Amino acid sequence: MNRNINRRDFLKLAGLASLGMIIPPSVQNIGNRLQGEKKNVLIVVFDALTAYNISLYGYGRETMPNLSRLAKRATVFHNHYAGGNFTTPGTATLLTGTLPWTHRAIRLGGMVKKGMENKSIFHVLDDYYRFSYSHNTLVNILFDQFAASINDYIPKQKLFLFGDSLVRNLFKNDEDTATVAWSRAIKQTEGFSYSLFMTGFYQKYRDQKVGGIVKDYPYGLPNMNIDNYYLLDQGIDYFRGSIADLPKPFFGYLHFLPPHSPYRPRAEFAGAFQHDAFKPLEKPDDIFTDQKTPEFLARSRSYYDEFILNVDHEFGRLFEALESSGVLDDTWVVFTSDHGELFERGIWMHSTPTLYQPIIRVPLLIFEPGVTTGRDVYDHTSAVDLLPTLAHLTGHPIPAWAEGAILPPYGDIANPNQQDRIFAVQAKFNEPTYPLAEVSVAHIRDNYKLLYYLGYDEIMEGEYFRLYDIKADPNELNDLAQTKPETAAEMADIIRRKLDQVNEGYSYQ
Ligand SMILES: [Zn+2]
């Protein structure tokens, strides 16, 4: 039924919506109720958003006041883990319900392995109207693989500034020159010195088109891949204006780039934490240190926190639109991230072999249709659990290939089979078609976390691990590998057995 709505029809609808010509919410609600039990599902991902820096999870800065307010009506998962430590593996885990050692989208820009192109959440909810959007090219590479099961795969350019190629249209015959000069024009505004290359024409063009916008972004315009500029509020506005009018039931996966670097909040959030009393905990340099100084890390952390404050404002606006349009009454809304971000031990961002808590512990909130009370879940949960949970909640069979469990309170993870379920895996230097031989694995069980490294130059290519009691020592400062050797050995064994299992059938051919 709804599957037959094509992209042009959708854009027409979306266009009407943005002009305010939408069906009134009251009429819409009746329509939804007639659809029966099939509730909509909307997953909202903000890229590289660690739970560590979110006030709701105990951070020392008030980075997400809206999320704290909205959490009172959500199921809040307090110990939730991403599948990987950067976009490709983390997102592929969200979309396929399998860990990186299974889906093998482990390299920067990687894809899921052959045979998994028809194993994703888009396939599970195959009777839904499915749409997807991401600013992030790495996510779009994954969408490309699943595109046959996405009714409306909104191209990333749609929500880039000038994404409809204003510049290209103006300079059809001289595309490259136009694009390069255009980028330079914007960069100059951000403080880069390209004045030698500037012509009066571009200067004038830029001032006409972005002069006003640039003033709203004191650290520069948010961008992706250097020259793709975007505004988060514009992206949020697009879905605020169109979502109530989508065919029902719908499944949407929206993956916005903020607070991923470069950290470029709007003016009202910029500077919010520059001179506060917050003092980040200093941690000793790691074996995988990038030798960033504590001063650099503290400064970067402040910019990141300001970008989170911006994200919080925009998520609040999206939520408000879902509520006022009545969509919220019929929709499961999931708020999460693909991985975290690190500002400690001499390491910045998430391009690292390590899997410390800030890089893998991410937020997860589930808003149940029509429910206005909240609850807290403290069990360890994983990104792999989302797919089986959403399948279960929407009355779809849980596919045999899904590795996770149905999340509490909807399912029971106390089942002993699901005890050893929480892993995060990083193997970005490993060839996906080879056995995993250069790999980091974090395994969480009870109060313990084992950080396991295999095959890196830094550790003389052997095995290396650290054990933390993350309940008593959430900052991972006291390595217990020597004082609790049995626990460390037992958990290392679980990881070795898992690696043997997932390497089966792979060879160096
Ligand atoms: Zn990411």
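This is a predicted model: local features need pLDDT of at least 70, side-chain atom pairs count only at pLDDT 80 or more; totals for chains, interfaces and linings use all residues.
Local features need pLDDT of at least 70 and side-chain atom pairs pLDDT 80 or more, while totals for chains, interfaces and linings use all residues. Numbering starts from 1 along each chain as its sequence is written, and side-chain values use heavy atoms, without hydrogens and water.

**View 1. Helix α15 covers residues 485-503.** Helices are DSSP runs (H or I, at least four residues) and strands are E runs of at least two, both numbered from the N terminus. At 1.5 Å a residue, times one less than the number of residues, the 19 residues should span 27 Å. The end C-alpha atoms lie 26 Å apart, which agrees. Just after α15, G505 has a positive phi of about 85°.

**View 2. Helix α15 has a buried side.** T487, A488, M491, A492, I494, I495, L499, V502 and N503 are buried (under 20% relative accessible area, 1.4 Å probe, protein chains only). These residues cover an arc of only 160° around the axis, so they sit on the same side of α15; the arc is taken from the directions from the helix axis to the C-beta atoms. The face turned away carries E486, R497 and D500, which are exposed (over 50%).

**View 3. Several elements cover the buried residues of α15.** Among them are α5 (100-103), β13 (422-426), β14 (439-445), β15 (448-454) and β16 (463-469). Contact means heavy atoms within 4.5 Å.

**View 4. Protein side chains coordinate the zinc ion.** Donors are N, O and S atoms within 2.8 Å of the metal (3.2 Å for Na, K and Ca); water is not among the atoms, so sites may look incomplete. The sequence spacing of the donor residues is D-x39-T-x250-D-H. D338 is buried at 1% relative accessible area, and H339 is buried at 0%.
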